[in-house]
Amino acid sequence: MLLVKNGRVVDPATKTDEILDLLLDGEHIAEVASAGKIPANGSEILDATGMIVAPGFIDIHAHLREPGQENSETIETGTRSAARGGFTAVCCMPNTKPVNDNASVTRFIVDRAKSSASVRVWPIGAASVGSKGEAIAEIAAMKQAGAVAVSDDGKPIATAKLARQVMDYCRSLDIPVIEHAEDVSLAAGAVMREGVTSTRLGLAGMPAAAESVCVARDVQLADLTGARLHVAHLSAKGSLEQVLAAKQRGLRVTCEVTPHHFTLIDEDVQYDSRYKMNPPLAAREDREALLAGLADGTVDAIATDHAPHEPALKDVEFDRAPFGILGFETALALSLEQLVHSGRIPLMRLVELFTAGPARVLGIERQLTKGQPADVTIFSTDHAWTYRVGESPSKSRNSPFDKRTFRGAAIATIVGGRVVYKK
């Protein structure tokens, strides 16, 4: 039994914002009551005075690299990093080696997570066999083995015909299709966003339309099939406008935004592969649109797209380096800095973007009420600290935010009633 005392409980699902105590009994929440009303009765006590107590954060988009790329990350190291960031559950993308395109790989991930993960690991299966875009993967079998969604992340579902088939199938299974929206013909050879900075650096750029053209295709297919479509790491103003229009028409279309896309822009890019990600850092007007979408409710979730790469892969010329940066440990701090401390959104909305929002995308509940899973994120909005990537449990070091100072951090992460991280 664990008693979390005197914390400010902020729970968007129940619209709660008050000082409460939580009693956690193993995997579930046993009681929620006014501060001081729950007797300790020998329970372990965690004093959350001055802290925010929120439902456990969910990261709907991450790469744990296991199986096959364990030099960059493992389920064990990645989830330790996630716990430090306040995440109690992470959804891992299928671009492993081998690709998670069948139930045996899904089961491997689930079993490895049971033995070595600090937080819950929810696999995302591939949409197509080998993520090659040729034939539909064994989606029903993967769902039965524990997959919560499908995606060919790292690239889009290759053709409109295949995307339609995947959406039809996933509608009958009631799981979301998560799309890495990119027109590969427009993006071919590009390593950053097209613009003045790409020209100055002499780097091949992709237009914003490379993303929004694919979003337009998929929104129309979602309309055709009635499927649940989730647009991953949305970065372009045009894409956001299409998601908003789809929502207004009643389509089951959702989207996520990453902290690096609402913090940095293409003008920040240096000839340094830590600034190379896909989608690339976008224009100033795109960032402003993302900030507006986060505030007005168009954006459903903040996701990290945690993409570790071992130094040997990343410490090369910009053109040759793989896309992606670390995300778990800086996501909350960047979100507080850019969204809450700046006055753009209230704290309740921030918590929603990490909890009830991603839960809705997955079709589950996330709230701090009796009987719910005992997954809790406790954080401070004021704790001053400096991110030092060399101290991360992750096996990789590819972050543009190394040595950045922040105000606000995860203080404790509780999964299934067990404290898996405490600052």
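**Entry 1: A227**

I started with A227, which is buried at a relative accessible area of 1% (buried is under 20%, exposed over 50%, partly exposed in between, with a 1.4 Å probe and protein chains only). This is a predicted model, in which local features need pLDDT of at least 70 and side-chain atom pairs count only at pLDDT 80 or more, while totals for chains, interfaces and linings use all residues. Residues are numbered from 1 along each chain as its sequence is written, and side-chain values use heavy atoms, with hydrogens and water left out.

I found A227 in the loop between α7 (209-225) and β13 (229-231); helices (H or I, at least four residues) and strands (E, at least two) are DSSP runs numbered from the N terminus. Leaving aside neighbours within four places in sequence, A227 is in contact with M167, R171, A222 and R252, where contact means heavy atoms within 4.5 Å.

**Entry 2: H180**

Next came H180, in the loop between β10 (177-179) and α5 (184-187). With 3% relative accessibility, H180 is buried too. What does the side chain of H180 join in a polar contact? The side chain of H233 is a partner, at 3.2 Å (a polar contact is a pair of N or O atoms within 3.5 Å; within protein, one must be able to donate a hydrogen and the other to accept it, and residues adjacent in sequence count only if both atoms are side-chain atoms). I also noted the backbone nitrogen of G154, 3.5 Å from a polar atom of the H180 side chain. Apart from neighbours within four places in sequence, the contacts of H180 are D153, G154, K155, P156, H233 and N278.

**Entry 3: cysteines**

How many disulfides does the whole structure hold? My search found zero, a disulfide being a pair of cysteine sulfur atoms within 2.5 Å. I checked C214: its closest cysteine sulfur, in C255, is 14 Å away, so a bond is ruled out by distance. C214 is buried at 5% relative accessible area, and C255 is buried at 0%.

**Entry 4: empty space**

Rolling a probe the size of a water molecule over the atoms shows where empty space is left. My search used a 1 Å grid over the protein atoms alone: a cavity is a set of points where a 1.4 Å probe fits but cannot get out, a pocket is an open set with protein on both sides within 12 Å along at least five of seven lines, and lining residues have an atom within 4 Å of a point.

The largest pocket has a volume of about 560 Å³. Of its 29 lining residues, R65, Q69, N95, H309 and F323 are the closest to the centre. I sorted the lining of this pocket into seven nonpolar, 15 polar and seven charged residues.

I then found three cavities of 30 Å³ or more in the whole structure. The largest cavity holds about 100 Å³, and of its 15 lining residues M206, E211, S235, P279 and P280 lie nearest the centre. The second largest cavity has about 50 Å³; its lining includes P259, H260, T304 and F401. Both α9 (259-263) and α12 (331-340) supply at least two residues of that lining.

Methods:
Grid points are joined across faces, edges and corners, and a volume is the space filled by probe spheres set on the points. Ala, Val, Leu, Ile, Met, Phe, Trp, Tyr, Cys and Pro count as nonpolar, Asp, Glu, Lys and Arg as charged, and the others, Gly among them, as polar.
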